[in-house]
Amino acid sequence: MVSSAVESRRRFSLGVVRPTLLAPLGIALALPLLVRFNAYFLGVAAEFVIFAIVALSLDLLMGRSGQISLGQSGFFAVGAYTTAILNARSHLDLAVALPAAAALAALSSLIVGFPAERLRGHYLGIVTLGFGVAVAQIALKWSALTNGDEGVRLETVRLFGVDVGAPLHMYYVALAVLVATIAFSFNLARTRLGRAFAAVRDSEIAASAMGVPVARTKMLAFAISAALAGVAGGLLAALDGFIAPEDFGITQTLLFFAMVIVGGLDSIAGAIGGALIVEIVSQIAAATNGLSLLILGSTIVVVALYFPSGLKGIFARLAPDAER
Amino acid sequence: MEIIPQIVVSGLAEGSLFALAALGIIVIFNASQIVNFAQGAMGVAAAYVAWFSLTVLHLPFVLALAAAITFGFALGVSVETLLLRRLQDASTMTQMVVTLGLFMAILGAVGALCGYNPRAFPELWSQHSFEFGSVILRPQDTLNFAILGTLAGGLTLLFRHTKLGLAMRAITQDRFAARLMGVSLTRTLALAWGIGVALAGATAVLAAPVTTLTPGMMDSILIYGFVAAIVGGFGTFSGAIVGGLVVGVIDNLVKTFLAPELSLTIVFGLLLLVLYVRPNGFFGRRVAQKV
């Protein structure tokens, strides 16, 4: 705690740029070469990067601020539909559509963030779960806007006027967003806001006694998290070129949830590792419906019972000296 | 406007299901202070047991319902004994995480074993409809009322007039004192989970002919059940039943007069409103937070 207070006096830093972390970045940059530009693998890799962004957004909420969200697929869906509809109807560039996705998702988060001031624990879980289901229902039934279960098909996806529809291009676009998200998440811990998040997480009563505006802090946590998830949703719409309501059901929320729990809360590496595990299990078990849910659900139960801090905890035990 | 009585009656029949779902949630919550997010998935598993009994074993409906309830009871008892007992002192977050893990695992297991294709669930009750003036009570509605009445009545008798019921009420009030009085915490908790999941099984069996049998059939009923429980103050049986019936009527009114497809969304909006105005529901007491 003391060290983080001292650290916080430093200005914004790209603290992520450490030798041990340059290796994964190098691999990520060179990945298209390693898979010989195979479109299938690039698509899977881009999807993983997008899910890692969602996992980070959920970690911001659950790990950093102690707020539970079982409706992350709702924010993800708002971003995806915003991007898809702006693209299909108004032919807007991603440079405009993605910020719009972030803004609308953040706005939608007020629906749960506003009453969240008074809600905690189970009630917040129920309300956010209801939010996710309601968004999926709107996507399915408000056909005039969303085409209902026929989904929305995107036209040529452009970023600053350049066609980036191919999996290779979308992989690099998503990777850039992921790196920015990591840098943001890493630096958040040393800002006033980041410390307010931690204070609310650890004790709302103590936080408000110290002068932290609890209600506003919770709403901000939801808004930032939703904006990130919304951008990720927009990226997925651009990558797949097509979205439909079934991409955003309870199952998707549960998968996002699995990522942060398996990876370990309050850990950037944990969230990304969790997203990687979920993506690998989903791809391997894709042949049998339900199998990946069964495996991941059982994993969550085992993790919660025996490894309460997830992957993060397992690595910490293996290498006690390493920081998170 | 002459259709309003019909809408209200149909709403009450639909609301009976939400009331049953809410009762299951509350029996478990009162005893263990855990909200079981896997309640819907567990109910679905029990409904598949009933489906198997009806269509493969050709059992009569009463036995199929009994099979589903027994399966739900056994599932609840084993989940509590094997898993949740270890988490009695864990944080709310951890407990929620475990029930969500169970939600995924059970949903996945049902999907992997039985597939995701919807299955037609046989009509449960092929007797004639009742007519009261302009109001028609479909056989399905009568069955819903009858089962809600029987199970709610049974629960009330159990909680008011048996030692087990006394034990359950005691551990809700004060676990420590209850144990000093000789209440077996482990046995009572396991039975509470058994009863709660059995109620979820009954709910799913009653819902299945309408929704058709799919792994996701309980997703929205679970949300309605949560809404009913919250509106009812999250604690008393009468609150849960009234909450369920009210939500059912509102839902049916919204379906008829506003937007048939967005009923869940609108009911969810009402929930937010209720939570904002009265965070403890209409039947709950305000509890001061101690530091």
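A:Arg192 is found in helix α9 (residues 192-202) of chain A. Helices here are DSSP runs of H or I with at least four residues, strands are runs of E with at least two, and both are numbered from the N terminus. A:Arg192 counts as exposed because 9 C-beta neighbours lie inside 10 Å. A residue is buried if 20 or more other C-beta atoms lie within 10 Å of its own, exposed if 12 or fewer, and partly exposed in between, with C-beta atoms placed from the backbone. A:Val212 is 20 residues from A:Arg192 along the chain, and their C-alpha atoms are separated by 9.9 Å.

The model is predicted: local features need pLDDT of at least 70, side-chain atom pairs count only at pLDDT 80 or more, and totals for chains, interfaces and linings use all residues. Residues are numbered from 1 along each chain as its sequence is written, while chains are lettered from A and ligands numbered from 1 in the order in which they are written.

Chain A comes to 15 helices and four strands. Of its 324 residues, 54% count as buried. Contacts in chain A with a separation of 6 or more were also examined; residues 24 or more positions apart account for 78% of them. Two residues are in contact if their C-beta atoms, placed from the backbone, lie within 7 Å.

Two loop residues of chain A were examined. A:Val157 is placed in the loop between β1 (152-153) and β2 (158-159). A:Val157 counts as buried because it has 24 C-beta neighbours inside 10 Å. Leaving aside neighbours within four places in sequence, A:Val157 is in contact with A:Asn87, A:Leu94, A:Val164, A:Gly165 and A:Ala238. A:Leu145 is twelve residues from A:Val157 in sequence, yet the two are 20 Å apart in space, C-alpha to C-alpha. A:Asp266 lies in the loop between α12 and α13 (268-284) of chain A. With 21 C-beta neighbours inside 10 Å, A:Asp266 also counts as buried. Its phi is near 60°, a positive value in a residue other than glycine.

Chain B has a residue with a positive phi too. Phi of B:Gln33 is near 60°, and B:Gln33 is not glycine. B:Gln33 lies in the loop between α1 and α2 (39-55) of chain B. B:Gln33 is partly exposed, because 15 other C-beta atoms lie within 10 Å.

The nonpolar core was considered next. A nonpolar core is a set of buried Ala, Val, Leu, Ile, Met, Phe, Trp, Tyr and Cys residues joined through C-beta atoms within 7 Å. The largest such core has 211 residues, among which A:Ala55 and B:Ala68 touch the most other members. Not counting residues up to four places away in sequence, B:Ala68 touches B:Ala46, B:Ala47, B:Val49, B:Ala50, B:Gly201, B:Ala202 and B:Val205.

Helix packing within chain B followed. Two packed helices are described by the angle between their axes and the distance between the axes. Axes are lines fitted to C-alpha atoms, for helices over the stretch in contact, and angles run from 0 to 180 degrees between N-to-C directions. The axes of α1 (residues 4-32) and α8 (residues 185-211) of chain B come within 8 Å and cross at roughly 165°. That angle makes α1(B) roughly antiparallel to α8(B). Angles under 35 degrees count as roughly parallel, over 145 as roughly antiparallel, 65 to 115 as roughly perpendicular and the rest as oblique. The crossing of α1(B) and α8(B) is left-handed, a term used if the near helix is turned anticlockwise from the far one by less than a right angle, with clockwise giving right-handed. The contact of α1(B) with α8(B) has 17 nonpolar, five polar and no charged residues. Here Ala, Val, Leu, Ile, Met, Phe, Trp, Tyr, Cys and Pro count as nonpolar, Asp, Glu, Lys and Arg as charged, and the others, Gly among them, as polar.

Helices α5 (residues 139-161) and α6 (residues 163-173) of chain B pack at an angle of about 80°, with axes 5 Å apart. They are therefore roughly perpendicular to each other.

Between the chains, the axes of α12(A) and α4 (residues 92-114) of chain B come within 11 Å and cross at roughly 130°. These two helices are therefore oblique to each other. A:Leu254, A:Phe257, A:Ala258 and A:Ile261 in α12(A) meet B:Val97, B:Leu100, B:Phe103 and B:Met104 in α4(B). By class, this contact has eight nonpolar, no polar and no charged residues.
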